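I opened this notebook to record what I looked up in one structure. The entries follow the order of my reading.

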Amino acid sequence: MNFEEMTAKMRDGQGFIAALDQSGGSTPKALRAYGVEDGEWDGDDEMFAKIHEMRCRIVDSPSFSNGKVIGAILFEKTMEGCNAEGSPIPELLSRRGVVPFLKVDKGMHDVENGAQLMKPIPELESLCKRAKELGVFGTKMRSVIHEANREGVAANVAQQMDYGLQILSFGLVPILEPEVSLDSASRPQAEALLLSNMLDQLERVPEGKQVMLKLTIPSEPNLYKPLIDHPKVLRVVALSGGYSREDACRELAKNDGMIASFSRALLEVLQAKMDDQQFDQALGNAIDEIACASTGA
C-alpha cells in the first residue's frame, strides 16, 4: 500500500488497530501474561528477542490477515525486525493490508497537576525519517491524565499536539494518545476537559492535514463524537485501558464511529505453549470479537 491507500484504509477500514508496542518497561509483564517467565531470558537483548518472537507469531498467524485488523502499532525494535522468513515487519504488514504505525514516545514524567506528560523525544526527527523509509504510515505517543485538573489536562493535550505537528511535518500521521485513567475519581470531568482542550488544539492542525486520536473509552457514550466528526481527525480509536476484552468490547460498542486499538484486551488469552492451530483460533476469536465491537457488525 502507498500512503494514499493507507490513508483510505484508516479512514474507511472496517476493523481495528492492533497495539503491539509494549516497550522495555511493560515487556516483562507482557511476556509473563504470554506464559514466558523471567527466568527464560537474561538481559534486555534476550527479553526483546522473546517479545519479537511473540509479535512475529501474531502477525504471521492466518487470522491476523483476515481483513479485520486494519493497522498495527509497533515498537521500534519490531519495526526494525523481520519475521522468520526474513520479511521486514512493516513491509509484511503493508503487503497484507495492515497499516503500520510506530510508537515514538520515551515514557512519561511523574504526575504533576494530575497528569503525566511525556519525556522529551530528542531523536524524533531521525525516528520519523527512518519510519518513513521503512513504509510506516504514522506514529503513536502516550501520556496520561489522572484527574480533572484544568492546568494538567491543558498541558497534556498541548504537548501531544506540539509533537503531533512535528510528526505531520515529517510526512507521517500522528496518533495522539492522552489517556484518561480508568481509576480517576474525576474521570467524567477529566474527559469533558480533554474534549474541550482537544477541540481547541485541533485548530492548530494545518488545513488539508489530519491527525488520529487514541482515547480511553468515555464514561458517557458518544462523548467524543465531535472529535470523530472533525475534519482534521482521520480516525478516533480506543485503548482498552485495563479493561478485560469482554468489558472493553461492551463499552466500545456503545460509541458510534470509534474503533479499537487494543493491546492487553487483544492478547490476553494467547499462550506460548499453544500449538499453531490453538494459537490462531484463540487470536481469531479475539479479532472477531474486537472487530464486531468496532464496526457494529
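**Basis.** I worked from a predicted model, in which local features need pLDDT of at least 70 and side-chain atom pairs count only at pLDDT 80 or more, while totals for chains, interfaces and linings use all residues. I numbered residues from 1 along each chain as its sequence is written, and side-chain values use heavy atoms, with hydrogens and water left out.

**Helix 12.** I took helices (H or I, at least four residues) and strands (E, at least two) as DSSP runs, numbered from the N terminus. Helix 12 covers residues 276-295, and its end C-alpha atoms lie 28 Å apart. This agrees with the 28 Å that its 20 residues should span at 1.5 Å a residue, the expected span being 1.5 Å times one less than the number of residues. I then looked for buried residues (under 20% relative accessible area, with a 1.4 Å probe and protein chains only). Among those in helix 12 are Phe279, Ala282, Leu283, Ile287 and Ile290. I noted that their cover, counted by contact (heavy atoms within 4.5 Å), includes helix 3 (43-60), strand 2 (69-74) and helix 10 (245-252). At the start of helix 12, a side-chain oxygen of Asp275 comes to within 3.1 Å of the backbone nitrogen of Gln277. Just after the helix, Gly296 has a positive phi of about 75°.

**Met274.** I found Met274 in the loop between helix 11 and helix 12. Met274 is buried, at a relative accessible area of 18%. Not counting residues up to four places away in sequence, Met274 touches Arg57, Val269, Phe279 and Ala282. I also looked up its separation from Glu133: 141 residues in sequence and 35 Å in space, C-alpha to C-alpha.

**His230.** I placed His230 in the loop between helix 9 (225-228) and strand 8 (233-239). Its relative accessible area is 14%, so I recorded His230 as buried. The side chain of His230 reaches the backbone nitrogen of Lys232 at 3.0 Å. Leaving aside neighbours within four places in sequence, His230 contacts Leu199, Leu202 and Glu203.

**Largest pocket.** I recorded a pocket as an open set of points on a 1 Å grid over the protein atoms alone, where a 1.4 Å probe fits, with protein on both sides within 12 Å along at least five of seven lines; lining residues have an atom within 4 Å of a point. The largest pocket has a volume of about 850 Å³, a volume being the space filled by probe spheres set on the points. Of its 30 lining residues, Gln22, Ser26, Arg142, Ser263 and Arg264 are the closest to the centre. Helix 2 gives the most to this lining, with three residues.

Notes. Buried < 20%, exposed > 50% of the residue type's maximum accessible area, 1.4 Å probe, protein only. Polar contact = N/O pair within 3.5 Å; in protein donor to acceptor, adjacent residues only side chain to side chain.
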